[in-house]
There are 4 protein chains.
Amino acid sequence: MANNQYVTSSAEKVLNIINLYELEEDAGKVIPQDGYGYIYSGAGDLYTIKENIASFNHKYIVPHVLRDIENPDTKTEIFGDQLTSPIIMAPVAAHKLANTQGEAATAKGIADYGSILTMSSFASASIADMADAAHGGPQWFQLYMSKDDDINRKILDEAMAHHVKAIVLTADATVGGNRETDKRNHFTFPVGLPIVEDYQSGVGQTMDVVYKSAKQSLSPRDVKFISDYTHLPVFVKGVQTAEDVEIALQAGAKGIWVSNHGGRQLDGGPAAFDSLQVVAKAVNKRVPIVFDSGIRRAQHVFKALASGADIVAIGRPVIYGLALGGSQGVKSVFDYLQTELELVMQLAGTHNIDEVKATQLLDNLYGN
Amino acid sequence: MANNQYVTSSAEKVLNIINLYELEEDAGKVIPQDGYGYIYSGAGDLYTIKENIASFNHKYIVPHVLRDIENPDTKTEIFGDQLTSPIIMAPVAAHKLANTQGEAATAKGIADYGSILTMSSFASASIADMADAAHGGPQWFQLYMSKDDDINRKILDEAMAHHVKAIVLTADATVGGNRETDKRNHFTFPVGLPIVEDYQSGVGQTMDVVYKSAKQSLSPRDVKFISDYTHLPVFVKGVQTAEDVEIALQAGAKGIWVSNHGGRQLDGGPAAFDSLQVVAKAVNKRVPIVFDSGIRRAQHVFKALASGADIVAIGRPVIYGLALGGSQGVKSVFDYLQTELELVMQLAGTHNIDEVKATQLLDNLYGN
Amino acid sequence: MANNQYVTSSAEKVLNIINLYELEEDAGKVIPQDGYGYIYSGAGDLYTIKENIASFNHKYIVPHVLRDIENPDTKTEIFGDQLTSPIIMAPVAAHKLANTQGEAATAKGIADYGSILTMSSFASASIADMADAAHGGPQWFQLYMSKDDDINRKILDEAMAHHVKAIVLTADATVGGNRETDKRNHFTFPVGLPIVEDYQSGVGQTMDVVYKSAKQSLSPRDVKFISDYTHLPVFVKGVQTAEDVEIALQAGAKGIWVSNHGGRQLDGGPAAFDSLQVVAKAVNKRVPIVFDSGIRRAQHVFKALASGADIVAIGRPVIYGLALGGSQGVKSVFDYLQTELELVMQLAGTHNIDEVKATQLLDNLYGN
Amino acid sequence: MANNQYVTSSAEKVLNIINLYELEEDAGKVIPQDGYGYIYSGAGDLYTIKENIASFNHKYIVPHVLRDIENPDTKTEIFGDQLTSPIIMAPVAAHKLANTQGEAATAKGIADYGSILTMSSFASASIADMADAAHGGPQWFQLYMSKDDDINRKILDEAMAHHVKAIVLTADATVGGNRETDKRNHFTFPVGLPIVEDYQSGVGQTMDVVYKSAKQSLSPRDVKFISDYTHLPVFVKGVQTAEDVEIALQAGAKGIWVSNHGGRQLDGGPAAFDSLQVVAKAVNKRVPIVFDSGIRRAQHVFKALASGADIVAIGRPVIYGLALGGSQGVKSVFDYLQTELELVMQLAGTHNIDEVKATQLLDNLYGN
């Protein structure tokens with residue numbers, strides 16, 4: 001069976017990162033082809049995945065001078081946790097595709113940096129293993145629901161037992177996107193998914209099968225169920241319209257997570273950064289907004305914050321750091337963005353994250 | 001004579017389709033060069049044919065979440081016929097260019113899927129052969145008129161005798177488009193055109209000659225003639241303006257078919273999808289709208305329906321399926337779009353075709 | 001001396017033209033490199049020369065159906081002369097660069113087709129030779145003025161003696177454009193310029209030197225001078241603004257010629273077709289408008305006419321036809337456009353040139 | 001040590017320039033790779049550096065005819081100095097990277113042409129050497145401030161002793177931009193920076209270290225300090241917003257310098273030419289505006305002047321001229337632009353710089 005032959009990286013080292021595009025290329029040399037295809041690629045014509053990055057040029061950061069800045073401060077806070085910067089880790093399935101150390105190394109690297117890991121339900125490690133590796137760092141838990149609520153309660157119990165600070169309900173993946181790269185590579189998971197093993201073992205399964213084993217008919221009732229059961233703040237992830245903001249908030253969500261699942265689900269939809277403008281206006285500061293899908297530069301972080309996000313999440317770059325450098329590689333990715341963010345804040349004339357969030361971006365009128 | 005040497009595919013098998021662009025490339029390997037050129041290419045600078053596909057990015061489908069959907073329903077109905085989905089087959093000349101089985105295989109594949117074949121007047125099979133192969137499935141008949149109304153009556157008699165449900169008057173091809181690929185390949189039809197044999201045998205003729213043997217001076221009188229003679233609903237095909245909508249409806253048309261003939265006629269005109277926006281507003285639900293020209297994705301189907309189309313028609317992709325897999329290949333193309341359409345409907349938060357048609361698309365403000 | 005070695009085509013034959021872009025490539029194989037560079041290339045970054053063609057996609061021709069058309073009529077008339085179509089020949093210097101037969105062959109080919117040659121002051125043939133070769137066909141005369149009005153009178157006398165119907169004052173070339181291709185090729189004229197030999201022999205000179213020997217400080221007085229002296233209608237060529245329309249008309253011009261000199265003069269300016277929209281509005285039918293710069297398709301002819309031009313002129317394509325086929329090649333270029341124009345008129349639903357000119361084009365909102 | 005091995009050009013000759021893009025390529029063949037990378041490259045994704053040039057196509061120069069022009073006059077004046085044209089030299093660090101003759105050759109070439117050298121604080125020559133080489137030609141002085149005001153006074157004393165006419169405070173480089181090319185090349189300065197040697201020797205240092213040794217927390221107080229101390233007009237360089245115009249003018253600036261540091265600092269910001277439109281409106285002729293970042297054509301010079309700039313500065317092209325031809329190469333670059341500027345002015349119908357500045361450009365509505 002092909003899965004027996006899946007041999008990925010086990011690297012553990014600090015990385016010297018030029019930029020995250022090159023990091024992606026480098027990671028492609030150490031991760032097996034089918035696993036790498038699963039990680040880097042997107043849905044359909046790859047239109048939306050490309051727009052996710054390109055759309056950041058729809059807005060400009062205008063430099064400001066004479067602002068008396070020497071050391072911009074990137075620190076921020078969410079739900080009582082202090083973070084080194086507003087950059088956290090998005091939920092990503094099966095980190096063992098990229099490094100044999102898997103999620104434990106990711107959790108350690110992020111905690112060492114001083115940020116949040118959002119654990120995926122489809123992690124290739126248990127909640128306990130991730131929580132232990134984070135050595136006290138804050139963690140959130142992303143839920144793919146089972147069709148059986150008893151299983152859901154059991155999974156949530158485990159998350160709460162390990163003191164996660166928020167639950168993220170991924171609502172934009174009730175069916176697997178059209179991942180043509182995976183079809184070409186005949187990709188199936190070579191590793192198990194211990195958190196959801198009561199409804200899906202994972203090993204040897206396609207993404208389609210995995211998604212179909214989870215609950216597809218998500219509704220506002222599910223938001224209420226999780227909220228009532230856990231008393232934790234619930235994010236609805238995958239929101240891109242004003243209408244869905246109201247549905248989510250009325251159902252009890254305490255946060256909105258703008259995302260198009262990294263361009264992996266519905267191709268032919270808007271870039272997530274374009275949707276952020278719409279959602280932020282609709283939310284109007286009632287609850288925190290997390291943004292992901294396309295962040296590859298501190299400029300993107302800055303533009304998302306200036307467009308209404310309180311926190312931005314990154315996914316693939318962290319997995320590439322994990323592949324190339326284990327926990328230290330994960331931290332290197334955050335450190336790289338940290339340095340670039342300080343640079344951008346300095347040149348944009350902003351002393352701290354509040355000033356970043358108050359910044360007026362300039363519309364790009366020329367469509368480049 | 002070159003026609004004696006035209007040896008095309010005779011394949012008959014189920015196809016594993018990744019996407020329709022790759023299907024086109026694969027078909028190019030089994031269809032003789034000149035026939036393939038006739039099929040895939042378009043007019044002039046190929047501007048409009050490229051825009052036909054690119055224009056779907058002028059509008060976005062925005063994902064919607066928490067809509068409680070498990071199995072979206074693609075079924076629809078037109079003129080009393082139940083269809084598996086709103087995707088039917090456009091009229092395309094001479095299917096024997098692609099597969100020796102010709103239109104009989106196409107008719108069978110479409111009927112097996114559960115949709116409509118629009119028979120072309122320039123078919124390489126008789127009406128009877130197509131109707132028989134469809135084993136009870138619904139069929140429409142596309143008319144290129146003779147300059148002699150007696151011939152027209154005879155052809156319509158034959159179509160009515162085989163119970164076609166509608167007549168499609170192609171009005172945008174009163175002269176052959178500027179097909180440079182055909183000129184380079186010195187393309188002439190290697191197969192006969194039995195339906196119109198009373199005014200045009202077809203064999204050994206260029207497309208220009210074939211079109212010129214048909215009636216060029218089409219007018220509203222022709223719509224009325226067909227309508228009065230057949231008492232069947234008549235579509236005028238090739239409508240792209242509000243003005244032409246009124247001309248067609250006043251002449252007695254019971255349906256409007258938005259098309260630019262797959263970018264094969266007037267290069268330098270608008271994409272058909274852009275014209276659909278204009279036409280749908282003008283029609284204002286008075287009669288059904290069929291849309292073709294550029295559909296390669298279920299996203300395109302969805303966007304056309306959300307822009308006012310009741311039915312979408314596909315042409316070239318079906319011919320490629322026919323070339324590579326005969327009747328089963330034809331069905332594979334429809335099955336492929338069916339699966340993708342269900343996926344798109346799920347992620348867009350739409351339970352059924354009525355909800356798709358009621359969907360508000362998002363304007364792409366950035367011109368990508 | 002390089003000029004002694006300039007050996008160009010002497011072809012004389014009918015051409016089978018697929019399109020004018022390929023004709024340009026083919027011509028490059030029979031014209032010496034430096035002469036070809038002078039002909040095909042443009043100014044500076046080649047931005048404006050490219051936009052001249054690309055800009056036609058700023059407007060769409062929308063197909064119209066059921067218009068009862070069989071044989072569209074392309075005939076038109078200007079200053080009492082009947083033309084086969086509204087397509088005439090723009091003034092182009094030194095046809096002997098392309099074919100040893102030079103302007104005599106061009107004049108014959110155009111007269112055979114039934115249109116107008118605009119003789120260039122920088123022709124490599126005399127006015128008499130061109131007039132004779134045209135065997136009665138109408139001709140216009142383009143003037144580059146000498147700094148010496150006696151010479152100007154002598155040249156105009158010669159033109160009037162050969163019954164030219166209009167004088168075209170080229171006003172956008174009072175200095176040579178920045179032709180980098182010519183600089184790289186060290187291009188100098190290998191042939192004489194007999195019409196202007198009293199102020200410039202031409203042979204062995206760069207374009208810069210030739211232009212500088214002509215009058216640079218053109219003003220409205222020059223329009224009046226020509227008009228008063230010849231009593232012929234005077235076109236001012238190179239007009240792109242409403243302001244210049246008024247200056248020209250007040251100076252006595254009886255026609256406006258919209259042109260950016262084929263993108264050979266001021267790079268970084270607007271496409272001529274974009275300027276046509278502005279100029280036509282300003283002229284408001286007071287005098288005829290001729291348009292050149294970028295015409296490579298009958299679609300372009302149609303769009304220019306529908307945007308306010310009464311006549312369109314083509315330059316480079318005719319020179320390519322001359323290079324490849326002499327007088328017959330010249331006629332082949334006009335025949336090619338004639339056939340395509342009839343096709344476009346048929347599909348656009350227009351019976352004749354008046355209907356073309358009354359056509360409403362559609363704005364391209366998407367910038368492709 | 002690598003610095004010992006830095007062997008660059010020592011050319012001294014007149015250059016035959018086709019265009020400045022080719023000049024850049026040619027310079028890359030005579031400057032060592034790491035030094036060349038430092039000079040030509042920009043920040044981050046190179047988005048802003050590319051837009052700096054591309055943005056000039058956001059506006060068109062429209063040709064004007066019949067304006068009675070023979071020899072357009074490019075002369076202008078600033079702060080009492082007569083200049084051959086409004087084109088001056090921007091401050092650029094370490095000219096010895098490009099030519100062993102360094103700034104002395106640049107100063108001589110510019111003085112020979114008749115324009116201004118803006119001396120960089122990070123010059124690889126002393127103020128005295130540059131002033132001597134300029135043999136009486138006017139010079140401005142650009143200041144990177146020390147954190148120690150005594151050092152600043154000493155540097156300003158030296159500049160005043162050599163009669164500089166203005167001080168330019170670079171405010172957009174309080175930290176080094178993200179220069180990935182330099183990181184790949186492991187670039188450090190191979191030459192000393194004598195002007196700032198009291199706070200930074202330069203040799204063997206990265207750009208990051210050099211910038212960090214300078215004062216980062218620039219504020220309006222620094223503008224006032226320089227102005228009060230020198231009684232010279234102070235430009236604030238790096239202004240791109242209306243807000244910063246007011247801050248600078250209120251702090252005592254007597255000129256505004258629009259620049260994004262040649263795309264070397266904050267990538268993801270607007271093109272400098274786009275910012276010029278905004279700044280010019282805000283300044284509203286209260287003080288002179290200097291513009292740099294992206295000038296490669298006289299068209300760009302013209303468009304900047306017509307958009308509100310009084311003076312344009314060029315940087316990299318001069319360094320390329322220096323590399324390839326020493327002082328004569330520097331003058332060749334200015335001469336090249338001079339010739340092209342006269343050409344553009346002629347074709348645009350403008351007699352002198354005042355008419356250029358009064359010219360209305362045309363908006364490019366099509367985004368090309």
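**A first tour of the model**

Visitor: Which elements of chain A do the buried residues of α2(A) pack against?
Guide: In this predicted model, helices (H or I, at least four residues) and strands (E, at least two) are DSSP runs numbered from the N terminus. Buried means under 20% relative accessible area, exposed over 50%, and partly exposed in between, with a 1.4 Å probe and protein chains only, while contact means heavy atoms within 4.5 Å. The buried residues of α2(A) pack against α1 (20–27), α7 (180–185), α8 (207–213) and α13 (316–348) of chain A.

Visitor: Which residues of helix α2 of chain A are buried?
Guide: Residues are numbered from 1 along each chain as its sequence is written, and chains are lettered from A and ligands numbered from 1 in the order in which they are written. Local features need pLDDT of at least 70, side-chain atom pairs count only at pLDDT 80 or more, totals for chains, interfaces and linings use all residues, and side-chain values use heavy atoms, leaving out hydrogens and water. Within helix α2 (residues 33–40), the buried residues are Gly35(A), Tyr36(A), Gly37(A), Tyr38(A) and Ile39(A).

Visitor: How much area do chain B and chain C bury between them?
Guide: The contact draws 40 residues from chain B and 30 residues from chain C. Buried area is the accessible area (1.4 Å probe) that two parts lose on being put together, summed over both. With 55% of it on carbon and sulfur atoms, the area that the two chains bury is about 3,100 Å².

Visitor: How many salt bridges are there between chain B and chain C?
Guide: A salt bridge is a side-chain nitrogen of Lys or Arg within 4 Å of a carboxyl oxygen of Asp or Glu. One pairing is that of Asp68(C) with Arg221(B), whose closest N and O atoms are 3.0 Å apart. Between chain B and chain C, the count of salt bridges is seven.

Visitor: Which element gives the largest share of the side of chain B that touches chain C?
Guide: Elements giving two or more residues to that side are α3 (47–54), α7 (180–185), α9 (220–230), β8 (234–239) and α10 (242–250) of chain B. The largest share, four residues, comes from α10(B).
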